[in-house]
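User: Please go through this model with me. I would like each label set against the criterion behind it.

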Amino acid sequence: MGTVLDSVGKVIAAYLSKEVPGYEPFTPSDPEHLRGVIQPGDVMLVEGNNRISGIIKYLTQSTWSHAALYVGPVEGAVEPDGEPHVLIEANIGEGVTSAPLSKYFPYHTRLCRPVGLSYEDRNTVCRYAINRIGFGYDTKNILDLMRFLFPLPVPQRWRRRMIALGSGDPTKIICSALIAQAFDAVRYPILPKITKAGSRAARREILHIRDSSLYMPRDFDISPYFEVVKPTIVHGFDYTALHWADKQKPLEEVAGSFGVFPETVSAPPLVPEAADEEAPASTEQVSEQHVSLLKRIAAYRPRRRRLARERAA
């Protein structure tokens, strides 16, 4: 009976693993930037385009359907062209395997980096995953596989449980569960369950590690303890260097003569800092104007007295 279930499970796994034609990511990975940024312990989330990816995206309400752990070069695992295997992942029908970084260059990916993880714990996480290479996926559990064949409407509160279905065999693990167990080995949190306890005077939070089977690829993206690393920004991003298809890029000698902002024009000060040297007022002109003003005042005084006497009379 076990052999029959295993054979049927392999057929279902092969069907679910087939890629859907016509996939084209909106933002594929930049191989050069990705190679220069990724570090051991980083979790790579993948959009995926096979049949099972669509079901996982629906159940998790997320862009990400797969997760792999970057561990660096795995000893004895290389591609025919000499490229080393640097990723550890768990796939339906294959189990836990290693893979080269170039495997996911055509896909939309995201890097999630554990913050503050020590060098020793980072090595422990990577070694934990490497030691599980060869663990299988439980193809005998037909119920575990058939849930991906029928994308029926599932209430949101049950979707996480739908991902967690399985036989309970510790040697049969899926992608997110494998990585969750690796970080659990060093007690690094992903999305711990928080329970508040204590009295009125004091309250404290107790972190409970969730069961590894309950984790999804998107949990590493929304975790407050993982940093989202974007390779194009880390290496420096200059939007002015982009070449848009609907607009011809100006020549360098032409573009260099124009700035984003016009040349700064300095406004004159509200209070003059110095006298106007172009038209200085001479002393003779000032004295003549003063004498003329005094004469007009003197001529006005007798007239004022005469008017005063006439009003008095």
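Analyst: The model is predicted. Its largest nonpolar core has 30 residues, and those with the most contacts inside it are Val43, Leu69, Ile88, Phe183, Phe220 and Phe226. Two or more residues each come from β1 (43-46), β2 (66-70), β3 (87-91), α4 (119-130) and α7 (175-184). Another core, of 16 residues, lies apart from it; Val37, Met44, Leu87 and Ala99 are among its residues.

User: Why is phenylalanine 183 called buried?

Analyst: The cut-off for buried is under 20% relative accessible area. Phenylalanine 183 has a value of 0%, so the residue is buried.

User: What makes phenylalanine 226 count as buried?

Analyst: Its relative accessibility is 6%. Buried means under 20%, therefore phenylalanine 226 counts as buried.

User: Which residues are in contact with phenylalanine 183, leaving aside its neighbours within four places in sequence?

Analyst: With those neighbours left out, phenylalanine 183 is in contact with Gly41, Val43, Leu69, Pro114, Leu117, Val125, Tyr188, Ile190, Phe220 and Phe226. Contact here requires heavy atoms within 4.5 Å.

User: Why is the pair of phenylalanine 183 and phenylalanine 226 called edge-to-face?

Analyst: A search of the whole structure finds 5 aromatic pairs. For phenylalanine 183 and phenylalanine 226, the centres are 5.3 Å apart and the angle between the planes is 85°. Pairing needs centres within 6.5 Å, and planes over 60 degrees apart count as edge-to-face. The partners sit in distant parts of the chain, 43 residues apart: phenylalanine 183 in helix α7 and phenylalanine 226 in strand β8 (residues 226-229). Phe183, Phe226, Tyr188 and Phe220 form one aromatic cluster.

User: What makes α7 largely enclosed by the rest of the structure?

Analyst: Of its 10 residues, 9 are buried, so α7 is largely enclosed. The buried ones are Cys175, Ser176, Ala177, Leu178, Ile179, Ala180, Gln181, Ala182 and Phe183.

User: How do you know that arginine 132 lies over the face of tyrosine 128?

Analyst: The distance from the ring centre is 3.5 Å. The criterion asks for CZ of Arg within 6 Å of the ring centre and within 35 degrees of the ring normal.

User: What are the totals for the protein chain?

Analyst: The protein chain has 11 helices and 8 strands. Of its 313 residues, 35% count as buried. Among contacts with a separation of 6 or more, 71% are between residues 24 or more positions apart. The accessible surface comes to about 21,100 Å², and 56% of that belongs to carbon and sulfur atoms.

Technical notes: Residues numbered from 1 in each chain as written. Predicted model: local features only at pLDDT ≥ 70, side-chain atom pairs only at ≥ 80, totals over all residues. Heavy atoms only, no water. Core = buried A, V, L, I, M, F, W, Y, C linked by side-chain atoms within 4.5 Å. Buried < 20%, exposed > 50% of the residue type's maximum accessible area, 1.4 Å probe, protein only. Helix = DSSP H or I, 4+ residues; strand = E, 2+ residues; numbered from the N terminus. Areas by Shrake-Rupley, 256 points an atom, 1.4 Å probe, with all protein chains shown as cover. Phe/Tyr/Trp six-rings, centres within 6.5 Å; stacked < 30°, edge-to-face > 60°.
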